[in-house]
Amino acid sequence: MQQLHTPHVVVVMGVAGTGKTTIGPLLAARLGVPYAEGDDFHPPANIAKMTAGTPLTDEDRWPWLDAIGGWAHGRAGLGGVVSSSALKRSYRDRLRAAAPGVVFVHLTGSREVIEDRMSHRQGHFMPTALLDSQFATLQPLEPDEAGVAVDVAGTPEEITERAVDALRGLPEPVQ
């Protein structure tokens, strides 16, 4: 597979279980840029809440989003891939405020497919019980937002290839 170089900073977004942590590193490798795991930006209190099955509030998310936005800002013009659920428009606006050139790859799929994937993964703090709250919170990308939607059907390699193809259609990032 040919490596595609991009100056885009890409946020791989979607509800829990869509494969952000799987697709993010594969996409970064295809784009020839570094990957940052969005979960690593969560403060310990957020991890504890989610592990206990308690959805995060917006106030819980602001420092996390600011940390991701800071990483994305530092990669402007260089490119990078970072995962973040980025479920609400206001969350994506916060990321864009820190890093105006970010683009989003929204991993999409049916609740049934995502729940099945979540039930088979091990060692992740996000319980399947929070999936309903994730879908209830989700605000898909709007037409004025730089990004693409990519279905999570198929293998990780097939999903990554669809993401790369979709990103090729985006204009160069604004610096």
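Q: A salt bridge is a side-chain nitrogen of Lys or Arg within 4 Å of a carboxyl oxygen of Asp or Glu. How many salt bridges does the structure hold?

A: The general idea is simple. Side chains of opposite charge can pair when their charged atoms come close. Here the structure holds 13 salt bridges. This is a predicted model, in which local features need pLDDT of at least 70, side-chain atom pairs count only at pLDDT 80 or more, and totals for chains, interfaces and linings use all residues. Residues are numbered from 1 along each chain as its sequence is written, and side-chain values use heavy atoms, leaving out hydrogens and water.

Q: Which residue forms a salt bridge with R30?

A: The partner is E161, and the closest N and O atoms are 2.3 Å apart. This pair links distant parts of the chain. R30 sits in helix α1 (residues 20-31) and E161 in helix α7 (residues 156-168), 131 residues apart.

Q: Are R30 and E161 buried or partly exposed?

A: Read the relative accessible area. Buried means under 20%, exposed over 50%, and partly exposed in between (1.4 Å probe, protein chains only). R30 is buried because its value is 9%. E161 is partly exposed because its value is 25%.

Q: Which residue does R96 bridge to?

A: R96 forms a salt bridge with E145, with the closest N and O atoms 3.0 Å apart. R96 lies in helix α4 (residues 89-98), while E145 lies in the loop between α6 (131-137) and β5 (147-151), so the pair ties together parts that are 49 residues apart in sequence. Both R96 and E145 are buried.

Q: And where is the partner of R111?

A: R111 forms a salt bridge with D132, the closest N and O atoms being 2.7 Å apart. R111 belongs to helix α5 (residues 111-120) and D132 to helix α6, so this pair ties together parts 21 residues apart in sequence. R111 counts as partly exposed, at 24% relative accessibility. D132 is partly exposed as well, at 46%.

Q: How many aromatic pairs does a search of the whole structure find?

A: Look at ring centres and ring planes. Rings of Phe, Tyr and Trp (its six-membered ring) pair if their centres lie within 6.5 Å; planes under 30 degrees apart count as stacked, over 60 as edge-to-face and the rest as tilted. The search finds one aromatic pair. The ring centres of W62 and Y91 are 5.7 Å apart and the planes stand at 85°, so the pair is edge-to-face. W62 is in helix α3 (residues 58-74) and Y91 in helix α4, 29 residues apart. W62 is partly exposed, at 21% relative accessibility. Y91 is buried, at 0%.

Q: In what order do the strands form the sheet?

A: Two strands pair if DSSP finds at least two bridges between them. Five strands form an open sheet in the order β2-β3-β1-β4-β5, and the pairing is parallel. The edge strands are β2 (35-36) and β5, each pairing on one side only. Two bridges join β2 to β3 (residues 80-83). A36 has V82 of β3 as its bridge partner.

Q: Which way do the side chains of β1 point?

A: In a regular strand the side chains alternate between the two faces of the sheet. From β1, V9, V11 and M13 point one way and V10 and V12 the other. Five of the five residues of β1 are buried, so the strand is largely enclosed by the rest of the structure. Four bridges join β1 to β3, with V9 partnered by G80. β1 also pairs with β4 over four bridges, in the parallel sense. There, M13 stands opposite H106.

Q: Which strands does α3 lie across?

A: Angles run from 0 to 180 degrees between N-to-C directions, using axes fitted to C-alpha atoms, for helices over the stretch in contact (heavy atoms within 4.5 Å). α3 lies across β1 (9-13), β2 and β3, at about 170° to β3. α7 packs on the sheet too, touching β1, β4 (103-108) and β5, and its direction makes about 155° with that of β5.
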